[in-house]
Amino acid sequence: MMITFFIFLIALAIVFVSKGVIIVQQAEVVIVERLGKFDRILQSGFNFIIPVIEAPRAIDWKITQKGFDGSTYSIIQKKTKIDLREAVYDFPRQNVITKDNVSISINALLYFQIVDPKSAVYEIQNLPEAIEKLTQTNLRNLVGQLDLDESLVSRDKINHELRAILDDATNKWGVKVNRVELQDIIPPHDIQSAMEKQMKAERDRRAAILEAEGLKKSAVLKAEGEKEAAINRAEGDKQANILRAEGVAQARILEADGEKEAIHRIIGALADKGQPDKYLIAMKYLETMKSITSGKDNKVVYMPYEATGILSSVDGIKQMLDSGK
């Protein structure tokens, strides 16, 4: 009898120890209730509770899993340990309607962390499900204020505003929402097809504009080059004409100076022997007649109307020269 009682006590002690000893891992806590009332929070390490009188508080936790066929489904689990690490929650894809009445599909990720375990247990029944519903509702409200084009290019804006709303709403639940990321924004198939056609048309338009601008710049550069070349040619012709004119003028000046010097010498030589002006006129007349009759095709020899006067002048010159000997 004593042995049986002793064995009973040992078994009771083993059960008491097994039920009373709780080992909590790092970054986890356990809510302990005494007779159904909150008593304390067990931190990581070795902890002991009084069986029957004290017990860990079990909470509902929604977990999303994928089946063998790739489909996603959620299950509710009972757990006594609360993870204090940052958790990521992948929300199932949902359809929302934009301001211009286009239904789009959005998939979001939420990063949150429990900072007050007591509030997370006693202020909300199922924390993950509550955060999911809150996120879906506010996401519909935010996207409903934007057009389709704005929704596609305003991910950062939506993420920032949604994170601020969720962080403020979940504060009483002891939760800190760190980040919200929109993974995919997928419009309907017909809208995607129209957008692709629009993008292709826009790319074609830009290509045509760039090609036209290139041709325009090429034509402008070519015209400017031709203009510059024409200006350079005109400037060169101008300088050449100026140089030729200056050369002709210089030659005529030199010729006139030579002729002037010759005339001065002739006048000086004939000053004492007669009339030098008649001599000069006669010489000029003879030179002119020589140039008239010296052509290649000139076959007719004619006598000018005033030839007798000129000849008399030449004869007078001859006599003048003979008398000077």
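Serine 105 sits in strand β11 (residues 103-114). Helices and strands here are DSSP runs, H or I of at least four residues for helices and E of at least two for strands, numbered from the N terminus. The model is predicted, so local features need pLDDT of at least 70 and side-chain atom pairs count only at pLDDT 80 or more, while totals for chains, interfaces and linings use all residues. Residues are numbered from 1 along each chain as its sequence is written, and side-chain values use heavy atoms, with hydrogens and water left out.

Serine 105 is buried, at a relative accessible area of 11%. Buried means under 20%, exposed means over 50%, and partly exposed lies in between, with a 1.4 Å probe and protein chains only. Leaving aside residues up to four places away in sequence, serine 105 touches Arg93, Gln94, Asn95, Asp184, Ile185 and Ile186. Contact means heavy atoms within 4.5 Å.

Now the whole chain. It has eight helices and twelve strands. Of its 325 residues, 24% count as buried. Among contacts with a separation of 6 or more, 58% join residues 24 or more positions apart. The accessible surface comes to about 22,700 Å², and carbon and sulfur atoms hold 58% of that surface. Such areas come from the Shrake-Rupley method with a 1.4 Å probe; for residues, only the protein chains shown count as cover.

Next, a helix pair. The axes of α3 (residues 127-143) and α5 (residues 155-169) come within 10 Å and cross at roughly 140°. That makes α3 oblique to α5. Axes are lines fitted to C-alpha atoms, for helices over the stretch in contact, and angles run from 0 to 180 degrees between N-to-C directions. Under 35 degrees counts as roughly parallel, over 145 as roughly antiparallel, 65 to 115 as roughly perpendicular, and the rest as oblique. From α3, the contact uses Leu134, Thr135, Asn138, Leu139, Leu142 and Val143. From α5, it uses Ile158, Glu161, Leu162, Ile165, Leu166 and Ala169. These residues divide into nine nonpolar, two polar and one charged.

Alanine 164 also belongs to α5. It is partly exposed, at 36% relative accessibility. Its C-alpha atom is 9.2 Å from that of arginine 179, 15 residues apart along the chain.

Most residues other than glycine have a negative phi. Alanine 27, between β1 (21-24) and β2 (28-34), has a positive phi near 65°. Leucine 35, in the loop between β2 and β3 (37-42), has a positive phi near 55°. Alanine 27 is partly exposed at 24%, and leucine 35 is exposed at 70%.

Notes: Nonpolar A, V, L, I, M, F, W, Y, C, P; charged D, E, K, R; others polar.
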